[in-house]
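Here are some friendly notes to read alongside the model. Take them one point at a time, with the structure open beside you.

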Amino acid sequence: MVRNENHNLTITRDPIFGHVFSKPENCLYLLRSILPRLGLTQVEVTPQKQINKKLLEKNVIMDLWAKNKKGEIFDVEMQTTKQKWAGVRFRYYQSLADQDSLKVGEDIEKINETYIIFIYPFDPIGEGKYIYEGTFLLDKDNPDSSVNTKTHWISINAKGYKGEITPELKEFLDYINYGLTKNSSNFIKKIDRERLDYIRSTEWRDAKMSLAVLLSDERAEARKEGRKEGKLEAQKIAVKNFVQSVQDFNPTQEWIMSKLVKAYGQDFSKSELEKLVQEAEQE
């Protein structure tokens, strides 16, 4: 195996994945490899697509957001953390896609076909399939009662070994698993070069710096909330908020702990911080 420079900053990190595949030719290649049945020939990509989710009072940044000429929506998200509620996460991203799909006052029949695709570096279901795709049923006891909701929930398993997938998708999953190898295709070599270009750039440096800003913001919020509900409880909330906020950058556990120990070491022991991190990742 060819050892990558900055090998720990892989394509599975959300900002890197989003940057590399925001290029239409890369996005098209990936979508065609996942969904060959659609015969895609062109897509329009919105880099760093932001959707205002009023319920949460914040903007949500999508990893990879694209549309084709038919108006079909493709949201591809890199999921590196095991989530307790994977189905709810699909539902959440589906709500974002629906919010962007149908204009106010428009007939509901005009809602666009949407594909919510999660790519996992591990098996999210445990059945060994390369691809898991959901089906919506009117009657859970009758597999023939499926209905067309114009929604497709697809999980891609990089550790898969069952089922048929395109050679292009297989080589991308191998890239997730093993990085660049001597047998990598020209496309994989291309996106790996673009990965390296990005993490050497000022844009990536600014992304990393924003993590430190997030931490200082959480600490300031904790101090403010501390007047209302007690400093210790506010600090716990701040720790969890920080852990959840930085997940988009897929930081290592060591990096998270080093930041938390430096910021909150006077209030919590290392074991207490580790417990808070675990709780935050499970919520």
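1. Among contacts (heavy atoms within 4.5 Å) between residues at least 6 apart in sequence, 64% join residues at least 24 apart. The chain has nine helices and eight strands; helices (H or I, at least four residues) and strands (E, at least two) are DSSP runs, numbered from the N terminus.

2. A word on the source: this is a predicted model, where local features need pLDDT of at least 70, side-chain atom pairs count only at pLDDT 80 or more, and totals for chains, interfaces and linings use all residues. Residues are numbered from 1 along each chain as its sequence is written, and side-chain values use heavy atoms, with hydrogens and water left out.

3. Of the chain's 283 residues, 42% count as buried. Buried means under 20% relative accessible area, exposed over 50%, and partly exposed in between (1.4 Å probe, protein chains only).

4. Now find the largest nonpolar core, which has 40 residues. Such a core is a set of buried Ala, Val, Leu, Ile, Met, Phe, Trp, Tyr and Cys residues joined through side-chain atoms within 4.5 Å. The members touching the most others are Phe17, Phe21, Leu31, Ile117, Ile119 and Phe172. Several elements give two or more residues, including helix H1 (14-20), strand E6 (114-120) and helix H4 (167-178). Helix H5 gives the most, with six residues. A second, separate core of 15 residues includes Ile256, Tyr264, Leu273 and Val277.

5. Leu273, Leu276, Val277 and Ala280 are buried in H9. They cover an arc of only 105° around the axis (taken from the directions from the helix axis to the C-beta atoms), so they sit on the same side of H9. Ser271 and Lys275, on the other side, are exposed.

6. Which residue forms a salt bridge with Glu279? The partner is Lys240, with the closest N and O atoms 3.0 Å apart. A salt bridge is a side-chain nitrogen of Lys or Arg within 4 Å of a carboxyl oxygen of Asp or Glu. This pair links distant parts of the chain, with Glu279 in H9 and Lys240 in helix H7 (residues 231-245), 39 residues apart.

7. Compare that with Lys170 and Asp174, whose side chains meet in a salt bridge (2.9 Å, N to O). Because they are four residues apart in helix H4, about one helical turn separates them. The whole structure has eight salt bridges, and Lys23, Glu25, Lys190 and Glu194 are linked in a network of them.
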